[in-house]
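Notebook open, structure on screen.

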Amino acid sequence: YVLSLVLIIKAKSAAGYIIFIFLHAAVLFSAIWIRFSRSLKPAHYYSGLILIAIATIVAFLNLDILLGLFNRNTSLTGRIPLWGELLGLIQQRPWVGYGFGAIWTIEEVRTSLQQTLGWLYPVVIADNGFLDLLLHVGMIGLVLFLAIWFLAWRRSFQHFLQHRSLLDFFPMVFMLFTLLGNISFSFFMETESYIWMMLIAFLVTLTPAKENLTRGF
(Lines give C-alpha, C1' and ligand atoms only; values in the text may rest on other atoms or scores of the structure.)
Protein backbone atom coordinates (compact mmCIF):
# COMPACT_ATOMS: atom_id res chain seq x y z
CA TYR A 1 0.00 0.00 0.00
CA VAL A 2 2.79 2.44 0.92
CA LEU A 3 4.66 1.65 -2.31
CA SER A 4 1.45 2.33 -4.26
CA LEU A 5 1.17 5.72 -2.56
CA VAL A 6 4.75 6.52 -3.54
CA LEU A 7 4.05 5.59 -7.17
CA ILE A 8 0.90 7.73 -7.25
CA ILE A 9 2.77 10.74 -5.85
CA LYS A 10 5.75 10.28 -8.17
CA ALA A 11 3.48 9.89 -11.21
CA LYS A 12 2.15 13.45 -10.70
CA SER A 13 -1.11 12.36 -12.32
CA ALA A 14 -4.20 14.40 -11.51
CA ALA A 15 -6.38 11.46 -12.52
CA GLY A 16 -4.43 9.24 -10.14
CA TYR A 17 -4.93 11.68 -7.27
CA ILE A 18 -8.66 12.02 -7.96
CA ILE A 19 -9.19 8.26 -8.23
CA PHE A 20 -7.19 7.78 -5.01
CA ILE A 21 -9.46 10.22 -3.16
CA PHE A 22 -12.69 8.75 -4.54
CA LEU A 23 -11.76 5.14 -3.79
CA HIS A 24 -10.71 5.90 -0.24
CA ALA A 25 -13.89 7.92 0.30
CA ALA A 26 -15.93 4.98 -1.02
CA VAL A 27 -14.23 2.59 1.41
CA LEU A 28 -14.77 5.01 4.30
CA PHE A 29 -18.47 5.45 3.52
CA SER A 30 -18.94 1.71 3.08
CA ALA A 31 -17.38 1.10 6.51
CA ILE A 32 -19.73 3.66 8.05
CA TRP A 33 -22.71 2.12 6.26
CA ILE A 34 -21.79 -1.38 7.46
CA ARG A 35 -21.62 -0.08 11.01
CA PHE A 36 -24.93 1.81 11.00
CA SER A 37 -26.97 0.20 8.20
CA ARG A 38 -29.33 -1.55 10.62
CA SER A 39 -30.35 1.80 12.08
CA LEU A 40 -30.76 3.73 8.82
CA LYS A 41 -34.21 4.63 7.52
CA PRO A 42 -35.33 5.69 4.00
CA ALA A 43 -35.17 9.35 5.05
CA HIS A 44 -31.43 8.96 5.69
CA TYR A 45 -30.85 7.58 2.19
CA TYR A 46 -32.91 10.33 0.57
CA SER A 47 -30.98 12.95 2.51
CA GLY A 48 -27.71 11.37 1.42
CA LEU A 49 -28.74 11.40 -2.24
CA ILE A 50 -29.72 15.05 -1.98
CA LEU A 51 -26.37 15.95 -0.42
CA ILE A 52 -24.52 14.02 -3.15
CA ALA A 53 -26.54 15.80 -5.85
CA ILE A 54 -25.79 19.21 -4.31
CA ALA A 55 -22.08 18.38 -3.95
CA THR A 56 -21.94 17.23 -7.58
CA ILE A 57 -23.58 20.43 -8.83
CA VAL A 58 -21.25 22.60 -6.75
CA ALA A 59 -18.24 20.64 -8.02
CA PHE A 60 -19.24 21.14 -11.66
CA LEU A 61 -19.89 24.84 -11.12
CA ASN A 62 -16.41 25.22 -9.62
CA LEU A 63 -14.58 22.75 -11.86
CA ASP A 64 -11.84 25.24 -12.72
CA ILE A 65 -11.02 25.75 -9.04
CA LEU A 66 -11.07 22.04 -8.22
CA LEU A 67 -8.88 21.05 -11.17
CA GLY A 68 -6.62 23.98 -10.38
CA LEU A 69 -5.76 22.26 -7.11
CA PHE A 70 -4.10 19.56 -9.24
CA ASN A 71 -2.55 22.07 -11.68
CA ARG A 72 -5.03 21.10 -14.39
CA ASN A 73 -7.75 22.89 -16.35
CA THR A 74 -11.16 21.97 -17.79
CA SER A 75 -9.59 20.67 -21.01
CA LEU A 76 -8.29 17.72 -18.95
CA THR A 77 -4.77 18.14 -20.34
CA GLY A 78 -6.08 18.41 -23.90
CA ARG A 79 -8.39 15.41 -23.67
CA ILE A 80 -11.63 17.33 -24.27
CA PRO A 81 -10.50 18.72 -27.68
CA LEU A 82 -9.17 15.24 -28.58
CA TRP A 83 -12.49 13.61 -27.73
CA GLY A 84 -14.31 16.14 -29.88
CA GLU A 85 -12.15 15.23 -32.88
CA LEU A 86 -12.56 11.49 -32.25
CA LEU A 87 -16.34 11.79 -32.23
CA GLY A 88 -16.07 12.89 -35.85
CA LEU A 89 -14.13 9.72 -36.69
CA ILE A 90 -16.65 7.60 -34.82
CA GLN A 91 -19.52 9.06 -36.82
CA GLN A 92 -17.92 7.76 -40.03
CA ARG A 93 -18.12 4.13 -38.84
CA PRO A 94 -20.52 4.16 -35.89
CA TRP A 95 -21.75 0.55 -35.82
CA VAL A 96 -18.72 -1.73 -36.16
CA GLY A 97 -15.83 0.73 -35.76
CA TYR A 98 -12.47 0.44 -37.51
CA GLY A 99 -11.45 -2.94 -36.11
CA PHE A 100 -9.58 -3.90 -32.96
CA GLY A 101 -6.59 -1.54 -32.64
CA ALA A 102 -6.77 -0.66 -36.33
CA ILE A 103 -7.39 3.08 -36.08
CA TRP A 104 -4.15 3.76 -34.22
CA THR A 105 -2.05 1.91 -36.80
CA ILE A 106 -3.02 4.48 -39.45
CA GLU A 107 -0.22 7.06 -39.47
CA GLU A 108 -2.37 9.62 -41.28
CA VAL A 109 -4.90 9.56 -38.45
CA ARG A 110 -2.23 9.96 -35.78
CA THR A 111 -0.43 12.83 -37.47
CA SER A 112 -3.57 14.67 -38.58
CA LEU A 113 -4.89 14.64 -35.03
CA GLN A 114 -1.50 15.87 -33.82
CA GLN A 115 -1.58 18.81 -36.25
CA THR A 116 -5.23 19.66 -35.51
CA LEU A 117 -4.72 19.63 -31.76
CA GLY A 118 -1.29 21.25 -31.88
CA TRP A 119 0.31 18.49 -29.84
CA LEU A 120 4.05 17.82 -29.81
CA TYR A 121 3.57 14.11 -30.52
CA PRO A 122 1.20 11.92 -32.57
CA VAL A 123 -2.00 10.67 -30.94
CA VAL A 124 -1.93 6.92 -30.30
CA ILE A 125 -4.81 6.45 -27.83
CA ALA A 126 -8.17 8.08 -27.10
CA ASP A 127 -7.43 8.42 -23.36
CA ASN A 128 -11.02 7.34 -22.77
CA GLY A 129 -11.94 3.67 -22.71
CA PHE A 130 -15.49 4.15 -23.94
CA LEU A 131 -14.40 6.19 -26.95
CA ASP A 132 -11.70 3.65 -27.76
CA LEU A 133 -14.32 0.91 -27.69
CA LEU A 134 -16.42 2.90 -30.17
CA LEU A 135 -13.38 3.41 -32.40
CA HIS A 136 -12.38 -0.25 -32.30
CA VAL A 137 -15.66 -2.18 -32.31
CA GLY A 138 -18.35 0.46 -32.78
CA MET A 139 -21.71 0.81 -31.10
CA ILE A 140 -22.41 -2.92 -31.34
CA GLY A 141 -19.22 -3.77 -29.48
CA LEU A 142 -19.78 -1.04 -26.90
CA VAL A 143 -23.28 -2.29 -26.13
CA LEU A 144 -21.99 -5.85 -25.69
CA PHE A 145 -19.25 -4.61 -23.38
CA LEU A 146 -21.65 -2.49 -21.33
CA ALA A 147 -23.94 -5.50 -20.89
CA ILE A 148 -21.04 -7.43 -19.32
CA TRP A 149 -19.84 -4.42 -17.35
CA PHE A 150 -23.26 -3.59 -15.87
CA LEU A 151 -23.76 -7.25 -14.99
CA ALA A 152 -20.51 -7.14 -13.04
CA TRP A 153 -21.72 -3.96 -11.31
CA ARG A 154 -25.00 -5.63 -10.33
CA ARG A 155 -23.38 -8.79 -9.00
CA SER A 156 -20.78 -6.81 -7.05
CA PHE A 157 -23.51 -4.68 -5.48
CA GLN A 158 -25.68 -7.68 -4.63
CA HIS A 159 -22.69 -9.49 -3.12
CA PHE A 160 -21.93 -6.55 -0.84
CA LEU A 161 -25.55 -6.20 0.28
CA GLN A 162 -25.76 -9.90 1.09
CA HIS A 163 -22.56 -10.12 3.13
CA ARG A 164 -22.12 -6.55 4.42
CA SER A 165 -18.42 -6.73 5.22
CA LEU A 166 -15.57 -4.47 4.19
CA LEU A 167 -13.80 -7.33 2.42
CA ASP A 168 -16.94 -8.05 0.39
CA PHE A 169 -16.96 -4.41 -0.69
CA PHE A 170 -13.75 -4.95 -2.64
CA PRO A 171 -15.51 -5.92 -5.94
CA MET A 172 -17.43 -2.63 -5.73
CA VAL A 173 -14.17 -0.74 -5.20
CA PHE A 174 -12.75 -2.44 -8.27
CA MET A 175 -15.82 -1.58 -10.37
CA LEU A 176 -15.62 2.03 -9.23
CA PHE A 177 -11.96 2.04 -10.25
CA THR A 178 -12.86 0.77 -13.74
CA LEU A 179 -15.40 3.59 -14.08
CA LEU A 180 -13.18 6.43 -12.89
CA GLY A 181 -10.01 5.18 -14.55
CA ASN A 182 -11.70 4.47 -17.86
CA ILE A 183 -12.74 8.10 -18.20
CA SER A 184 -9.17 9.37 -18.63
CA PHE A 185 -7.45 6.21 -19.86
CA SER A 186 -8.33 3.16 -21.95
CA PHE A 187 -8.54 0.17 -19.64
CA PHE A 188 -10.28 -2.54 -21.62
CA MET A 189 -8.99 -2.63 -25.17
CA GLU A 190 -5.51 -1.21 -24.90
CA THR A 191 -2.58 -1.98 -22.58
CA GLU A 192 -4.50 -2.79 -19.41
CA SER A 193 -5.42 -6.42 -20.11
CA TYR A 194 -5.03 -7.13 -16.38
CA ILE A 195 -8.12 -4.99 -15.68
CA TRP A 196 -10.14 -6.99 -18.19
CA MET A 197 -8.91 -10.25 -16.62
CA MET A 198 -9.94 -9.04 -13.16
CA LEU A 199 -13.36 -7.99 -14.45
CA ILE A 200 -14.03 -11.45 -15.89
CA ALA A 201 -12.69 -13.12 -12.73
CA PHE A 202 -15.09 -11.13 -10.54
CA LEU A 203 -17.95 -11.77 -12.94
CA VAL A 204 -17.40 -15.53 -12.75
CA THR A 205 -16.67 -15.61 -9.01
CA LEU A 206 -19.78 -13.63 -8.11
CA THR A 207 -22.10 -15.67 -10.34
CA PRO A 208 -24.93 -16.96 -8.11
CA ALA A 209 -24.87 -20.73 -7.78
CA LYS A 210 -27.89 -22.56 -9.21
CA GLU A 211 -30.09 -24.17 -6.61
CA ASN A 212 -29.82 -27.62 -8.14
CA LEU A 213 -26.04 -27.42 -8.33
CA THR A 214 -25.93 -26.28 -4.70
CA ARG A 215 -27.97 -29.29 -3.65
CA GLY A 216 -25.77 -31.61 -5.67
CA PHE A 217 -22.63 -30.47 -3.83
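Aromatic pairs first: I counted rings of Phe, Tyr and Trp (its six-membered ring) as paired if their centres lie within 6.5 Å, with planes under 30 degrees apart called stacked, over 60 edge-to-face and the rest tilted. That rule gives ten aromatic pairs. I'm working on a predicted model, where local features need pLDDT of at least 70, side-chain atom pairs count only at pLDDT 80 or more, and totals for chains, interfaces and linings use all residues. Residues are numbered from 1 along each chain as its sequence is written, and side-chain values use heavy atoms, with hydrogens and water left out.

Why are phenylalanine 145 and tryptophan 149 about one helical turn apart? They are four residues apart in helix α7 (residues 129–163). Helices here are DSSP runs of H or I with at least four residues, strands are E runs of at least two, and both are numbered from the N terminus.

Buried or exposed, I asked of phenylalanine 130 and tryptophan 149? Both are buried, meaning under 20% relative accessible area, while exposed is over 50% and partly exposed in between (1.4 Å probe, protein chains only). Tryptophan 149 comes in at 4%, and phenylalanine 145 is buried too, at 5%.

Which residues make up the cluster around these rings? I noted Phe130, Phe145, Trp149, Phe150, Trp153 and Trp196 as one aromatic cluster.

Then I checked charges over rings (NZ of Lys or CZ of Arg within 6 Å of the ring centre and within 35 degrees of the ring normal). The charged end of arginine 35 sits over phenylalanine 36, 5.0 Å from the ring centre. I also found arginine 93 over the face of tyrosine 98, at 5.5 Å from the ring centre.

Last, the whole chain. I get ten helices and zero strands, and the C-alpha trace spans about 60 × 50 × 35 Å along its principal axes. Of the 217 residues, 33% count as buried. With contact meaning heavy atoms within 4.5 Å, residues 24 or more positions apart account for 64% of the contacts with a separation of 6 or more.
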